[in-house]
Amino acid sequence: AARRLSGGFERSRGWRGRERAVGPAREFTAPPAVAGRMKRAAPRSTLRTLIKRHKPQLCLAAYADLLVHLNFLLFLHRLAEEARANAFESKSKTIKSEHTMAAAKVILKKSRG
């Protein structure tokens, strides 16, 4: 399905059927959703309903769901960093479930208020 061009480049169809040049320096083109932008910043209505179901007596500010989502993303980032450090300490190139579970114990202990 790929045609050979001069200079080692190939012309092939992308994941949406558009043609793209594939060469030695650039062999993979990610779809736009993966290449840096997300479809939606946060599932706002879902977060608001979950918070209201858990604590119905609270009055939520307009941006409270965004703060909850940001807190969640920061927790995931800390968890990933700690799991990566655990994998590096055990001389493993891949992050395994035991690295993540050990990191979760440490991060949750630090997160308690």
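These legends describe close-up views of a predicted protein model.

Figure 1. The protein has three helices and three strands. Follow the sequence and the order is β-β-β-α-α-α. The protein has 113 residues, and 16% of them are buried. Now consider the contacts between residues at least 6 apart in sequence. Of these, 19% join residues at least 24 apart.

**Figure 2. Arg-44 meets Asp-65.** Side chains of opposite charge can pair when their charged atoms come close. A search of the whole structure finds three salt bridges. One of them joins the side chains of Arg-44 and Asp-65, at 2.8 Å from N to O. The pair links distant parts of the chain, 21 residues apart. Arg-44 sits in helix H1, which covers residues 44-54. Asp-65 sits in helix H2. Asp-65 is buried, with a relative accessible area of 1%. The cut-off for buried is under 20%, so Asp-65 qualifies.

**Figure 3. Arg-48 meets Asp-65.** Asp-65 also takes part in a salt bridge with Arg-48. Here the N to O distance is 3.6 Å. Arg-48 lies in helix H1 and Asp-65 in helix H2, so this pair ties together parts that are 17 residues apart in sequence. Arg-48 counts as partly exposed, at 28% relative accessibility. Which residues make up the network of salt bridges? They are Arg-44, Arg-48 and Asp-65.

Figure 4. Arg-84 forms a salt bridge with Glu-81. Their closest N and O atoms are 3.1 Å apart. How far apart are Arg-84 and Glu-81 along helix H2? They are three residues apart, which means a separation of about one helical turn. Both partners are partly exposed. For Arg-84, the relative accessible area is 47%. For Glu-81, the relative accessible area is 35%. Each value lies between the 20% limit for buried and the 50% limit for exposed, so each residue counts as partly exposed.

**Figure 5. His-99 and its contacts.** His-99 is found in helix H3, which covers residues 97-111. His-99 is buried, with a relative accessible area of 8%. What does His-99 touch, leaving out residues up to four places away in sequence? The list is Ala-83, Asn-86, Ala-87, Ser-90, Ser-92 and Thr-94. Helix H2 spans residues 64-89, and the contacts of His-99 include Ala-83, Asn-86 and Ala-87.

Figure 6. Phe-88 belongs to helix H2, while His-99 belongs to helix H3. The two residues are eleven places apart in sequence. In space, their C-alpha atoms are 9.6 Å apart. Phe-88 is exposed, with a relative accessible area of 68%. The cut-off for exposed is over 50%, so Phe-88 qualifies. His-99, at 8%, is buried.

Methods: Residues are numbered from 1 along each chain as its sequence is written. This is a predicted model: local features need pLDDT of at least 70, side-chain atom pairs count only at pLDDT 80 or more; totals for chains, interfaces and linings use all residues. Side-chain values use heavy atoms; hydrogens and water are left out. Helices (H or I, at least four residues) and strands (E, at least two) are DSSP runs, numbered from the N terminus. Buried means under 20% relative accessible area, exposed over 50%, partly exposed in between (1.4 Å probe, protein chains only). Contact means heavy atoms within 4.5 Å. A salt bridge is a side-chain nitrogen of Lys or Arg within 4 Å of a carboxyl oxygen of Asp or Glu.
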